[in-house]
Amino acid sequence: MGSIPDAEFDRFLELGESAYRPKGSRLLDPGVCCDRLFFFDSGMARSFYLRDGKDVTVSFTRPGEFVTSMASFITGKPSYEGLEIIADAQVWVVYREALMGLVQQDLFWAEVYRRALEEYYVRVEEAFIFSKFKSARERYEELIRTSPEIIQSASIGHIASYLGISLETLSRIRGSR
């Protein structure tokens, strides 16, 4: 998305409020409309869906990153996904109405929003390719290489779920390293 000038980023932060969220707390439950965007100053979260009574981790959010349930945020419909804190977090919470007001009145923020949506689309497509065309070992090795902090903060169950493999398979992969 590129760098946002400090003055503009401060303007964005003025729209919201800072909140502490402990590990295990939820920012969003599945089935609830998501009208908030979260920016992580510290900590980590995971996005998950429920399938057959189990939750499936689909992404992780780290410091310096934004997260929301994009489909719910855009449409106003209930979210398919949940957002759970996996490491104590300090987050900025910005409501959709305030953000859309800024986007509608300022061309700079309209462009930032457009680029954020484009980047979100690219991440979703890359995640699809990642999950369909790479072996379990390749997915794990790539996660270690690109996001070691996830390996350190997320539970082994969340990592296995994210990689689309069983705990047993992940244990075998880890054991053979």
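What percentage of the 177 residues of the chain count as buried? In this predicted model, the share that counts as buried is 40%. The accessible surface of the chain amounts to about 10100 Å², and carbon and sulfur atoms contribute 53% of that area. The radius of gyration is 17 Å, in agreement with the value near 16 Å that would apply to a compact globule of 177 residues. Along the principal axes, the C-alpha trace extends over about 55 × 30 × 25 Å.

The secondary structure comprises 8 helices and 6 strands. Read from the N terminus, these elements follow the order α-β-β-β-β-β-α-β-α-α-α-α-α-α. Contacts between residues at least 6 apart in sequence were also examined by separation, and 71% of them join residues at least 24 apart.

The packing of two helices was examined next. Helix α3, covering residues 96-105, packs against helix α4, covering residues 107-133, at an angle of about 115 degrees. The axes of α3 and α4 lie 5 Å apart. On the α3 side, the contact involves Leu99, Met100, Leu102, Val103 and Gln105; on the α4 side, it involves Leu107, Trp109, Ala110 and Tyr113. By residue class, the contact of α3 with α4 consists of 8 nonpolar residues and 1 polar residue, with no charged residue.

Charged side chains were then considered. In general, side chains of opposite charge can pair when their charged atoms come close. The structure holds 11 salt bridges, including one between Arg11 and Asp106, in which the closest N and O atoms are 2.6 Å apart. This pair links distant parts of the chain, since Arg11 belongs to helix α1 (residues 6-13) and Asp106 to the loop between α3 and α4, 95 residues apart. Arg11 has a relative accessibility of 27% and counts as partly exposed, whereas Asp106 is buried, with a relative accessible area of 15%. Glu8 joins Arg11 and Asp106 in a network of salt bridges.

A further salt bridge connects the side chains of Arg62 and Glu149, with an N to O distance of 2.8 Å. Because Arg62 is located in the loop between β4 (54-61) and β5 (66-67) and Glu149 in helix α6 (residues 148-153), the pair ties together parts that are 87 residues apart in sequence. Arg62 counts as buried at 17% relative accessibility, while Glu149, with a relative accessible area of 27%, is partly exposed.

Arg36 and Asp35 also form a salt bridge, and their closest N and O atoms are 3.4 Å apart. The relative accessibility of Arg36 is 18%, so Arg36 counts as buried. Asp35 has a relative accessible area of 37% and is therefore partly exposed.

After α7 comes Gly164, which has a positive phi, near 75 degrees.

How values were computed:
Residues are numbered from 1 along each chain as its sequence is written. This is a predicted model: local features need pLDDT of at least 70, side-chain atom pairs count only at pLDDT 80 or more; totals for chains, interfaces and linings use all residues. Side-chain values use heavy atoms; hydrogens and water are left out. Axes are lines fitted to C-alpha atoms, for helices over the stretch in contact, and angles run from 0 to 180 degrees between N-to-C directions. Helices (H or I, at least four residues) and strands (E, at least two) are DSSP runs, numbered from the N terminus. Contact means heavy atoms within 4.5 Å. Ala, Val, Leu, Ile, Met, Phe, Trp, Tyr, Cys and Pro count as nonpolar, Asp, Glu, Lys and Arg as charged, and the others, Gly among them, as polar. A salt bridge is a side-chain nitrogen of Lys or Arg within 4 Å of a carboxyl oxygen of Asp or Glu. Buried means under 20% relative accessible area, exposed over 50%, partly exposed in between (1.4 Å probe, protein chains only). The radius of gyration is taken over C-alpha atoms; the globule rule is 2.2 Å times the number of residues to the power 0.38. Accessible areas come from the Shrake-Rupley method with a 1.4 Å probe; for residues, only the protein chains shown count as cover.
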